[in-house]
Amino acid sequence: MQSRMLAMEEGKDQATVIRTNISRTLPLRLLLFCLLFAVMAVGLSIICMYSVRFFIFQQTSTVTPSSLHPWFDESDTIERWIRPPANLWHSISDTELLWRASFVPKIKEYPFLRVPKIAFMFLTKGPLPLAPLWDRFFEGNQRHYSIYVHALPSYIAGYPESSVFHGRQIPSQMVEWGKMSMCEAERRLLANALLDISNEWFVLLSESCIPLFNFSLIYHYISRSEHSFMESYDDPGPYGRGRYDSRMEPEVQLSQWRKGSQWFEVNRRLAVDIIEDIKYYPKFKEFCQPACYVDEHYFTTMLTIQVPQLLANRTLTWTDWSRGGAHPATFGKDDMSEAFFQRIFEGQACLYNGQPTTVCFLFARKFAPSALDPLLELASRVFGI
């Protein structure tokens, strides 16, 4: 009996020891568990934070890849401010585009090596059927040109990567012949081209235009000229002054009304003047409706009023109006020959920097798609391409 009681007492003592050990061990395990949970929570939070930041950056980069960069890639060098957009496609409105393009440096001396370029701006409905000829024309001159294409919004370009026109289409709007939407498209082209600070001269061309000389001659002709080539003349007849509306006064007087070719070349200063205009634009938009074809009058009248001394008062694009009608002659495969182009080159006479010259036209139109193959055959002999 006594031994049983001793055994029971020993059992109670062991149970007490076990309970004491458990009571001491539980807080330590709980502490370790809480610490492990906290570490896991912090780690998960860090992973989530960087995942969200990466996802947001990827999304915004997809929308505007040319303008957005990760914060850790930002450069504080001059390159950040002078590099042109890598992608011409954007989603900003025309109002925002014109505002951005109107920025003009007040200090005229560039603090970096600037190679001035010619911006070739193609205004077209859809494809450029003469693109292979232009590809040959531009070959080897990448540092001295930029290309911009304004087509109808529904047109999706399919130029191969080897073509100079690949990826050069800008966001566009509908264009109607003879209406202000035509001039708005031209201003849109100028504004996009002005975003590249190296573009110094701006040439407007159509899908039916061709070069008449090689790139080197055309570049030197334009870059060394003291004037911009915007045709401007006073036509007293029904297709000139006859289109004037007196409600355009006082901004535009009848004596200031001018007519000229739609196809122009302007320098950077005049390009900015055109896209920032808010004085003449409303008058022409309201009071120059067909049969007043605004693309023949708006820019040429405005610049003649503002800066007549900077204009050569002639176009660089040859066009044949001898057949009459509202549109010039179109030339196809059967017209292409050395004799045909010899007739274009002969008999030219104009002023260049105040001196007589026989080189007056650098481009020509209108050429049908069927003319492409014979043009490629004639290119080296006739155009020096």
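**Figure 1. C350 and its disulfide to C360 in the predicted model.** At a relative accessibility of 14%, C350 is under the 20% limit and so counts as buried. The model shown here and in the other views is predicted. C350 is joined to C360 by a disulfide, with an S to S distance of 2.1 Å. The link of C350 and C360 is left-handed, with -110° about the S-S bond. C350 belongs to strand β7 (residues 350-352), while C360 is in the loop between β8 (355-357) and β9 (363-364), so the pair ties together parts that are ten residues apart in sequence. C360 is buried as well, its relative accessible area being 4%.

**Figure 2. The disulfide of C288 and C292.** The sulfur atoms of C288 and C292 are 2.0 Å apart and form a disulfide. Its S-S torsion is about -80°, so this disulfide is left-handed. C288 has a relative accessible area of 2% and is buried; C292, at 5% relative accessibility, also counts as buried. The whole structure holds two disulfides. Counting bonded cysteines along the chain, the pattern is 1-2, 3-4.

Figure 3. Which cysteine sulfur is closest to that of C183? It is the sulfur of C288, and the distance of 8.1 Å is too far for a bond. The limit applied to a disulfide is 2.5 Å between sulfur atoms. C183 counts as buried at 1% relative accessibility. C209 is also buried, with a relative accessible area of 0%.

**Figure 4. The ring pair of F122 and W134.** The ring centres of F122 and W134 lie 5.2 Å apart. Their planes stand at 85°, so the pair is edge-to-face. F122 is part of strand β1 (residues 117-123) and W134 part of helix α4 (residues 131-138), so the contact ties together parts that are twelve residues apart in sequence. F122 counts as buried, with 0% relative accessibility, and W134 is buried with a relative accessible area of 2%. In the model, the count of aromatic pairs comes to 38.

**Figure 5. The aromatic cluster that includes F122 and W134.** Ring pairs connect F122 and W134 with F120, F137, F138, Y145, Y159, F165, W201, F215, Y219 and F363 in a cluster.

**Figure 6. R168 over the ring of Y148.** The charged end of R168 is placed over the Y148 ring, at 5.3 Å from the ring centre.

**Figure 7. The largest cavity and its lining.** The volume of the largest cavity is about 40 Å³. Its lining consists of M230, S261, Q262, F264, D295, H297, F299 and T300. Sorted by class, these are three nonpolar, four polar and one charged residues. The count of cavities of 30 Å³ or more is two.

**Figure 8. The second largest cavity and its lining.** This cavity has a volume of about 30 Å³. The residues that line the second largest cavity are V203, L204, W263, F264, E265, T315, L316, T317 and F363. Six of the lining residues are nonpolar, two are polar and one is charged.

Key:
Residues numbered from 1 in each chain as written. Predicted model: local features only at pLDDT ≥ 70, side-chain atom pairs only at ≥ 80, totals over all residues. Heavy atoms only, no water. Phe/Tyr/Trp six-rings, centres within 6.5 Å; stacked < 30°, edge-to-face > 60°. Helix = DSSP H or I, 4+ residues; strand = E, 2+ residues; numbered from the N terminus. Buried < 20%, exposed > 50% of the residue type's maximum accessible area, 1.4 Å probe, protein only. Lys NZ or Arg CZ within 6 Å of the ring centre and 35° of its normal. 1 Å grid on protein atoms, 1.4 Å probe; cavity = no way out; pocket = protein on both sides within 12 Å on 5 of 7 lines; lining within 4 Å. Points joined across faces, edges and corners; volume = space filled by probe spheres on them. Nonpolar A, V, L, I, M, F, W, Y, C, P; charged D, E, K, R; others polar.
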